[in-house]
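Subject: Structure for your review

Dear colleague,

Please find below the structure I promised to hand over. My notes on what was found in it follow directly after.

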Amino acid sequence: MAAQETRVLLPEDLKPINSLEEYKAAGGLQGLEKARSMSGQELIDLITKAGLRGRGGAGFPTGIKWNTVYNESGNKYVVCNFAEGEPGTFKDRYLISKNPYLMFEGLLITAHAMNAKEAVIGTKEKFTKVVPRITKVKEELEAAGIVEPGFIRIVLGPDEYLFGEEKGLLEVIDGRYPMPRMFPPYMVGIHWTPTENNPTVVNNVESMSHLPLIVRHGPEWFRSRGDDDTPGTGIISLTGDVKQPGMYEISLGMSVRDLIYGLGGGPRGKHEIKAVFSGVSNRVMTPDKFDLPLNFGELRANGVGLGSGGFMVYDESRWIVDLTWMFSHFLAQSSCGQCIPCNMGTRVITEHLLKIRDGVGTRADLDAIITETGRCTNQTRCFLPVQESVLIPSCIDNFPEEFEPGFDTSGFDRNILIPKIKDFDDETGQFIFEDAPKEFLQPK
Ligand SMILES: Cc1cc2nc3c(=O)[nH]c(=O)nc-3n(C[C@H](O)[C@H](O)[C@H](O)COP(=O)(O)O)c2cc1C
Ligand code: SF4
């Protein structure tokens, strides 16, 4: 059977839902009403039974996270992570542009489950298309008496990758720079002071948007899509060298091949597909992995990952060194500098990769990269250097000959662009990307 989409979060006809009335007419708010008649523990049990795994990148079970916060002492808070800074990922903004009400309903369900004092949506000031939209929805919900005015706060943050890291996000909510804290957020939370815990649930936009449907239709309904490992649907951003790049909501468990060759239409030109990156946290995926199912567990068990569902596809016309440097450069530029091994390590690795990319690299550069990826994670506060230490060696392991000094790069398309997505045009089926920094141009 041909690969197909399964739209549950996205409207079936992709027509945006533009008013609370429209949302209610389609069954919206029934989940919240039901949730408000349930206790926090009943809701935690329900979400645990549904098997929802966080869609922010790590696939952490939402029920376990909620349970931890629920059983902590102190005032509780809930935060929706709408920072969406992962290269190649656009799902949260796409979902909000189609149906922002699900996220709000999910946020209020989470707040009810935690008996929270406040709910916060952390998003970026630069998301100028969606910020007015979520502001309007918040006002509509307040005017309709569904939420107390001021209970939901929208915090506009900077364009930093670390703003999406949950401990960086909490710092921004508290009025500081997105520099990750030492402690896991559920132990300290927002408005943290040394004498007080404010345990906080942080969930991604898509994770929260699944909640109203799970509560309304039940865990079995949710589990009827996806697979045992990762139940439910997921919204995929598919970019790069495929015929039909796009935004696809799929039943998880679909094979990588069905996504790339079915929905994506396969390679866009005469070259075969060579490497797929699911964001910048996982090992590069090569064609021998294409029959794996798109779920968190099996991809991880096979050394790759689902991430936040952003798949960047590259064909044989690309030089892997260009791509490796591009991702390393992104991570090095995103490192905030609080931990020396991360800050120095990611920069040093990027510099050695640049030498190889410029055709003046030697074996010593390759050795230095391997050494640095082994120690850039020492005593660091967040996951960013782990991403470097996972992704960079995987490129070298899978394509060792391409890193050899003197490797012939004639014939490669050297124009690369870090795929930071700005928008997606449904009509043309094309992504619009942010401008690449100047140094991304082809080396002379
Ligand atoms: C460097 C870095 C950047 C991240 N950026 C995002 C992001 O933009 N959006 C997001 O939801 N999660 C992001 N995460 C993951 C969050 O820290 C957190 O795990 C997630 O919001 C939890 O939500 P979930 O359990 O619903 O997935 C990032 C993590 C790291 C290490
Ligand atoms: S590990 Fe890197 S990015 Fe994370 S807090 Fe430390 S220096 Fe900043």
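Predicted model: local features only at pLDDT ≥ 70, side-chain atom pairs only at ≥ 80, totals over all residues.

Arg-363 forms a salt bridge with Glu-404, and the closest N and O atoms of the pair are 2.6 Å apart. This pair links distant parts of the chain: Arg-363 belongs to helix 16 (residues 363-375), while Glu-404 lies in the loop between helix 17 (384-398) and strand 9 (421-425), 41 residues apart. Glu-404 is likewise partly exposed, with a relative accessible area of 33%.

Other salt bridges

The count of salt bridges comes to 33. Among them is the pair of Arg-93 and Glu-84, whose closest N and O atoms are 2.8 Å apart. Arg-93 and Glu-84 are both buried. A further pair is Arg-176 with Asp-174, where the closest N and O atoms are 3.7 Å apart. Arg-176 is partly exposed, at a relative accessible area of 42%. There is also a network of salt bridges, which links Lys-124, Lys-126, Asp-159, Lys-420 and Glu-434.

In what order do the strands of the open sheet of 4 strands lie? The order is 3-2-1-4, and the pairing is parallel. Strand 3 (152-157) and strand 4 (200-204) are the edge strands, each of which pairs on one side only. From one strand to the next, the twist averages 20°. Strand 2 (residues 118-124) and strand 3 run parallel and are joined by 6 bridges. Within this part of the sheet, Thr-123 stands opposite Leu-156 of strand 3. Helix 6 (residues 100-114) packs on the sheet and touches strand 1 (77-82), strand 2, strand 3 and strand 4. The direction of helix 6 makes about 155° with that of strand 1.

The hairpin

Strand 9 and strand 10 (residues 430-433) pair in the antiparallel sense, over 4 bridges. The bridge partner of Asp-425 is Gln-430 in strand 10. The two strands form a hairpin with 4 residues between them. In the turn, Gly-429 has a positive phi of about 70°.

The surroundings of ligand 2

Which residues surround ligand 2? They are Leu-162, Pro-180, Ser-335, Cys-336, Gly-337, Gln-338, Cys-339, Cys-342, Thr-380, Arg-381, Cys-382 and Pro-385. By class, this shell has 7 nonpolar, 4 polar and 1 charged residues.

Individual positions

Is Ile-146 buried or exposed? Ile-146 is buried, because its relative accessible area is 15% and buried means under 20%. Its place is in the loop between helix 7 (131-143) and strand 3. Leaving aside neighbours within four places in sequence, Ile-146 is in contact with Leu-20, Leu-29, Leu-32, Arg-36, Leu-108 and Leu-141. Of these, Leu-29 is 117 residues from Ile-146 in sequence, and the two are 9.3 Å apart in space, C-alpha to C-alpha.

Thr-62 is found in helix 4 (residues 62-70). At 1% relative accessibility, Thr-62 counts as buried. With neighbours within four places in sequence left aside, the contacts of Thr-62 are Ile-47, Leu-52, Arg-53, Gly-54 and Asn-203.

Gly-27 lies in the loop between helix 1 (20-25) and helix 2 (30-35), and Gly-27 is buried, with a relative accessible area of 6%. Gly-27 and Glu-272 are 245 residues apart in sequence and 45 Å apart in space, C-alpha to C-alpha.

Two residues other than glycine deserve a mention for a positive phi. Leu-14, in the segment before helix 1, has a phi near 65°. Gln-379 has a phi near 50° and is found in the loop between helix 16 and helix 17. Gln-379 is exposed, with a relative accessible area of 79%.

With kind regards

Technical notes: Residues numbered from 1 in each chain as written. Chains lettered and ligands numbered in written order. Heavy atoms only, no water. Near = heavy atom within 4 Å. Nonpolar A, V, L, I, M, F, W, Y, C, P; charged D, E, K, R; others polar. Pairing = 2+ DSSP bridges. Axes fitted to C-alpha atoms, helices over the stretch in contact; angles between N-to-C directions. Contact = heavy atoms within 4.5 Å. Salt bridge = Lys/Arg side-chain N within 4 Å of Asp/Glu carboxyl O. Buried < 20%, exposed > 50% of the residue type's maximum accessible area, 1.4 Å probe, protein only.
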